[in-house]
Amino acid sequence: MPNPEASPEPTAQVMAIGMAVRLVQIPSYLKTADPMPMLRPPDLVDAAEVGEVVGLRALEQLAVRFRRGTFLLEARELE
């Protein structure tokens with residue numbers, strides 16, 4: 001019988017609307033959270049800039065508002 005206490009998968013950090021987050025590393029591009037998303041250059045968000053989660057999307061994607069816009073990012077790219 002498998003041990004329910006031992007999980008081979010790491011526990012994912014739960015993200016909620018209103019949380020303050022930062023990028024772990026700058027991605028190669030940013031995707032806007034507009035109804036018609038566009039790819040934008042990564043220099044729109046500084047490495048130390050703090051953003052706010054404003055929406056939860058499918059496939060562990062979050063809409064995060066930064067100073068220069070709102071972008072779709074994967075939860076694993078944030079801390």
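A polar contact is a pair of N or O atoms within 3.5 Å; within protein, one atom must be able to donate a hydrogen and the other to accept it, and residues adjacent in sequence count only if both atoms are side-chain atoms. The model is predicted, with local features requiring pLDDT of at least 70 and side-chain atom pairs counted only at pLDDT 80 or more, while totals for chains, interfaces and linings use all residues. Residues are numbered from 1 along each chain as its sequence is written, and side-chain values use heavy atoms, with hydrogens and water left out.

**View 1. Glutamate 49 and the backbone of arginine 67.**
A polar atom of the glutamate 49 side chain lies 2.8 Å from the backbone nitrogen of arginine 67. Glutamate 49 sits in the loop between β3 and β4 (50–57); strands (E, at least two residues) and helices (H or I, at least four residues) are DSSP runs, numbered from the N terminus. With 11% relative accessibility, glutamate 49 counts as buried, where buried means under 20% relative accessible area, exposed over 50%, and partly exposed in between (1.4 Å probe, protein chains only). Apart from neighbours within four places in sequence, the residues in contact with glutamate 49 are Val21, Arg22, Leu44, Phe66, Arg67 and Arg68; contact means heavy atoms within 4.5 Å.

Aspartate 46 is partly exposed, at a relative accessible area of 40%, whereas arginine 67 is exposed, at 57%. Arginine 67 also forms a salt bridge with glutamate 49, where the closest N and O atoms are 3.9 Å apart. Because arginine 67 lies in the loop between β5 and β6 and glutamate 49 in the loop between β3 and β4, this pair links parts 18 residues apart in sequence. Through shared partners, salt bridges join Asp46, Glu49 and Arg67 into one network.

**View 2. The salt bridge between arginine 22 and glutamate 79.**
In the salt bridge of arginine 22 with glutamate 79, the closest N and O atoms are 2.7 Å apart. Arginine 22 is in strand β1 and glutamate 79 in the segment after β6, so the pair ties together parts that are 57 residues apart in sequence. Arginine 22 is partly exposed, with a relative accessible area of 35%. Glutamate 79 is also partly exposed, at 42%.

**View 3. The open sheet.**
The protein chain has 0 helices and 6 strands. The 6 strands form an open sheet in the order β1-β4-β5-β6-β2-β3, with antiparallel pairing; two strands pair if DSSP finds at least two bridges between them. β1 (20–22) and β3 (39–40) are at the edges with a single partner strand each, so one side of each has no neighbour in the sheet.

**View 4. Strand β6 between β5 and β2.**
β5 (residues 61–66) runs antiparallel to β6 and is joined to β6 by 6 bridges. These two strands form a hairpin with 2 residues between them. β2 (residues 30–32) is also antiparallel to β6 (residues 69–74), with 2 bridges joining them. Leucine 72 in β6 is the bridge partner of lysine 31 and stands opposite alanine 63. Phenylalanine 71 in β6 stands opposite threonine 32.

**View 5. The largest nonpolar core.**
A nonpolar core is a set of buried Ala, Val, Leu, Ile, Met, Phe, Trp, Tyr and Cys residues joined through side-chain atoms within 4.5 Å. The largest one has 14 residues, and those with the most contacts inside it are Leu62, Val64, Phe66, Leu73 and Leu78. β5 and β6 each supply at least two residues of this core, and the largest share, 3 residues, comes from β5. Leaving aside neighbours within four places in sequence, leucine 62 has contacts that include Met15, Val53, Leu56, Phe71, Leu73 and Leu78. Over the whole protein chain of 79 residues, 28% count as buried.

How values were computed: Salt bridge = Lys/Arg side-chain N within 4 Å of Asp/Glu carboxyl O.
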